[in-house]
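Here is a quick tour of one protein model, written for someone who likes to check the geometry. Have the viewer open and follow along.

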Amino acid sequence: MTNPLLDRLQPYPFERLRELTAGITPNPALAPISLGIGEPRHAAPALVEEAIKGAMKGLSGYPATAGTPALREAIAGWIARRYGLSLNPATQVLPVNGSREALFAIAQTVVDASRAGATVVCPNPFYQIYEGAALLAGAEVAFANSDPARNFAPDWRQVDDATWARTQLVYVCSPGNPSGAVMPLTEWQALFELSDRHGFVIASDECYSEIYFREEAPLGGLEAAAKLGRHDFRNLIAFTSLSKRSNVPGLRSGFVAGDAALLKKFLLYRTYHGSAMSPLVQAASIAAWGDETHVVENRARYRHKFAEVTPLLAEVLDVALPDAGFYLWAGVPGGDDVAFAQGLLAQYNLAVLPGSLLARQAHGHNPGAGRIRLALVADEAECLEAARRIVSFTNSLP
């Protein structure tokens, strides 16, 4: 006997890709390259490793789910420097074991499945966790498709009034995955007004916030709320991670911040869920949140890499520099993203992720179809080689 809601889960995009490429033998004359998985591959900062070594005695005690005051203060200090906001470390900040598990857990905390038509809204394409979290919480999922005319940001206007009335949670991803689009203040204002009208919670996934290509850093959800006079961050929680910012996906460290009343309930859920962060990870996190030098250097590496790769790909694909993040969201000739990915793997031993696997059919179409997601996470030489292979493959198409 198992939870029947598990049967509602869709296969993960990479599992579907493995099925679609199972019968393909990649060209053995070329070394394999993967731009498929968004896993940071730059080196972790030495200060994180040193902090872990110095915290070994912490293994002898049970950590608190709320984290140490020192960690919460370090997080609040980073928020103050990054966004100019003053948050209470004791009530408005909570460490989490990476944003992924927290994005899942917030739906289990917020959604009341006993209410008829319980709905969670998320962008489309989207990070698979949003949908899975909603389904396992007993909710239905409604989608706001990305709009090519708006830099592939989600068009919240596609969600009708009847759906908004049933909505209990909205996932926002800004900068977006896969498009890198940053949501402007006007759209935040519209979403806040909808939240006030219908009472839903906004979960703002901001894990790509520190990799950006404009002079101005991306607007954050808490920052947007403060600009609009919403200093209590009512029904808003922001999710941030060290994985991309500091190249430590294996550390599993991030935080949530915002509405104190919501965080109190979230802490209660997490206490029972067994979500305390290891003392070693807490020490490493304090070191990471307290240092910006490695973040600036990391951002510069991505900026240089994207400046080299994007013009090459733009010669053959519909692609442009994103606002932020480490993905290129590229349109392919002919519009068949799966066939393009299959051919690229077979002929050039290069793996990319078809965009249709990241989205669902909604509002009459799949908004990821015809595009591929390219994760420029490897070093510059490998990414340039991948770009050259894509150019060669695309030029060989009839």
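## A buried serine in a helix

Helices here are DSSP runs (H or I) of at least four residues, numbered from the N terminus. Keep in mind that this is a predicted model. With that in place, find helix H11, which covers residues 279-289 and contains Ser285.

Is Ser285 buried or exposed? Ser285 is buried, and its relative accessible area comes out at 0%. Leaving aside residues up to four places away in sequence, Ser285 touches Leu71, Leu242, Leu251, Ser253 and Met277.

## The open sheet

Next up is an open sheet of 8 strands, with mixed pairing. Reading across it, the order is E2-E9-E8-E7-E6-E3-E4-E5. The edges belong to strand E2 (93-96) and strand E5 (153-154). Each of these has a single partner strand, so one side of each has no neighbour in the sheet.

Strands of a sheet pair through backbone hydrogen bonds, either parallel or antiparallel. Take strand E7 (residues 201-205) and strand E8 (residues 236-241): they run in the parallel sense and pair over 4 bridges.

## The largest pocket

How much space lies in the largest pocket? The figure is about 530 Å³. The lining of this pocket has 27 residues, and those closest to its centre are Tyr12, Gly38, Arg100, Tyr127 and Lys244.

Helix H1 (13-20), helix H4 (99-110) and helix H9 (242-245) are the elements that give two or more residues to the lining. H4 gives the most, with 3 residues. By residue class, the lining of the largest pocket splits into 14 nonpolar, 7 polar and 6 charged.

## Backbone spots to check

Most residues other than glycine have a negative phi, and most peptide bonds are trans. A few places in this model go the other way, so they are handy stops for a backbone check.

One joins Asn124 and Pro125, with omega at about 5 degrees; Pro125 sits in the loop between strand E3 (119-124) and helix H5 (128-136). The other runs from Ser174 to Pro175, with omega near 0 degrees, and Pro175 is in the loop between strand E6 (167-173) and helix H7 (185-198). As for positive phi, Asn235 is not a glycine but has a value of about 60 degrees; look for Asn235 in the loop between helix H8 (221-227) and E8. His363, also not a glycine, has a positive phi of about 55 degrees. His363 belongs to the loop between strand E12 (353-354) and strand E13 (371-375), and is partly exposed, with a relative accessible area of 44%.

A disulfide is a covalent bond between the sulfur atoms of two cysteines. How many disulfides does the model have? The count comes to 0 disulfides, with the cut-off being a pair of cysteine sulfur atoms within 2.5 Å.

Cys383 is in no disulfide either, and the nearest cysteine sulfur, that of Cys207, is 18 Å away. Cys122 is buried, with a relative accessible area of 1%, and Cys383 is buried with a relative accessible area of 1%.

Note on methods. Residues numbered from 1 in each chain as written. Predicted model: local features only at pLDDT ≥ 70, side-chain atom pairs only at ≥ 80, totals over all residues. Heavy atoms only, no water. Buried < 20%, exposed > 50% of the residue type's maximum accessible area, 1.4 Å probe, protein only. 1 Å grid on protein atoms, 1.4 Å probe; cavity = no way out; pocket = protein on both sides within 12 Å on 5 of 7 lines; lining within 4 Å. Points joined across faces, edges and corners; volume = space filled by probe spheres on them. Nonpolar A, V, L, I, M, F, W, Y, C, P; charged D, E, K, R; others polar. Pairing = 2+ DSSP bridges. Contact = heavy atoms within 4.5 Å.
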